[in-house]
Amino acid sequence: MDVGFRPAEGELAPRRLRRSLSPERRPRRRRWALWGLCLVALILAVDLPLAYASSQGAGQRAQLLRADWSRQQSEGVSAAQLAPLRAQLAAAGSDPWWSPAYWFDSEAATVSSLRASTDRLWERSLSAGRQHATATLAGYRALVGRDSAWLSAAQASAARGWPAQLARAGTPARLESLARDWGSTLER
């Protein structure tokens with residue numbers, strides 16, 4: 001004996017009743033849910049190891065960047081210029097590799113950006129040191145041209161090797177040292 005409510009041909013069945021009467025809908029939902037779970041599991045199985053490996057590589061590049069900053073500071077780049085870069089790296093490293101914040105704003109991208117900023121900072125420091133040394137050299141040459149009658153031959157020829165020293169200088173500290181030495185020669 002089959003007890004169930006089946007509306008007559010002309011009557012409209014309520015929505016729930018129509019769903020309960022159609023047997024093929026439920027297995028489809030389960031199948032789609034199963035496929036969705038499988039897809040999520042596949043994404044996690046692929047993405048999590050990649051994110052972990054990426055975080056390890058980014059950590060090593062961050063260590064190299066910190067070492068480069070220490071070297072640059074010892075070679076004449078001021079600590080005040082490097083401080084914002086260090087703060088930005090410290091803020092980027094605070095998210096663990098498994099957090100969604102890491103996935104959308106990865107430390108690897110931050111380290112790459114900081115590497116480019118570090119290179120620009122180094123070039124600016126070299127350029128500023130070279131400009132300062134060049135201005136000191138030009139000032140000495142102007143002094144020699146203006147007051148050559150009052151200078152000894154040794155004082156007049158002191159700047160002869162300075163352009164070669166300027167060309168060999170490869171760090172901001174060396175350039176500043178040359179400018180300071182040449183400036184003391186100017187003051188004598």
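Tutor: At 8% relative accessibility, serine 125 counts as buried. Here buried means under 20% relative accessible area, exposed means over 50%, and partly exposed lies in between, with a 1.4 Å probe and protein chains only. This is a predicted model, in which local features need pLDDT of at least 70 and side-chain atom pairs count only at pLDDT 80 or more, while totals for chains, interfaces and linings use all residues. Residues are numbered from 1 along each chain as its sequence is written, and side-chain values use heavy atoms, with hydrogens and water left out.

Serine 125 sits in helix H5, which spans residues 107–146. Helices (H or I, at least four residues) and strands (E, at least two) are DSSP runs, numbered from the N terminus. What does serine 125 touch, leaving out residues up to four places away in sequence? Its partners are Val77, Gln81 and Pro172. Contact means heavy atoms within 4.5 Å.

The whole structure holds two aromatic pairs. Rings of Phe, Tyr and Trp (its six-membered ring) pair if their centres lie within 6.5 Å; planes under 30 degrees apart count as stacked, over 60 as edge-to-face, and the rest as tilted. Tyrosine 140 pairs with tryptophan 162: the ring centres are 4.8 Å apart and the planes stand at 50 degrees, so this pair is tilted. It joins distant parts of the chain, with tyrosine 140 in helix H5 and tryptophan 162 in helix H7 (residues 162–168), 22 residues apart. Both tyrosine 140 and tryptophan 162 are buried.

Tryptophan 162 also pairs with tryptophan 182. This pair is stacked, at 4.8 Å centre to centre and 20 degrees between the planes. It too spans distant parts of the chain: tryptophan 162 is in helix H7, tryptophan 182 is in helix H8 (residues 172–187), and the two are 20 residues apart. Tryptophan 182 is buried, as is tryptophan 162.

Side chains of opposite charge can pair when their charged atoms come close. A salt bridge is a side-chain nitrogen of Lys or Arg within 4 Å of a carboxyl oxygen of Asp or Glu. The structure has three of these. Arginine 115 bridges to aspartate 68, at 2.7 Å from N to O. That pair links distant parts of the chain, from arginine 115 in helix H5 to aspartate 68 in helix H2, 47 residues apart. Arginine 115 is partly exposed, at 29% relative accessibility. Aspartate 68 is buried, at 12%.

Aspartate 68 has another partner, arginine 71, at 2.4 Å from N to O. Why is their separation about one helical turn? Because they are three residues apart in helix H2 (residues 25–74). Arginine 71 is partly exposed, at 36% relative accessibility. Arginine 71 also lies over the face of tryptophan 122, at 5.6 Å from the ring centre. A charge sits over a ring if NZ of Lys or CZ of Arg is within 6 Å of the ring centre and within 35 degrees of the ring normal.

Arginine 71 meets glutamate 75 as well, in a salt bridge whose closest N and O atoms are 2.7 Å apart. Glutamate 75 is partly exposed, at 22% relative accessibility. Shared partners join Asp68, Arg71, Glu75 and Arg115 into one network of salt bridges.

Finally, the wider setting. The chain has eight helices and zero strands. Of its 188 residues, 26% are buried, serine 125 being one of the buried residues. Among contacts between residues at least 6 apart in sequence, 65% join residues at least 24 apart.
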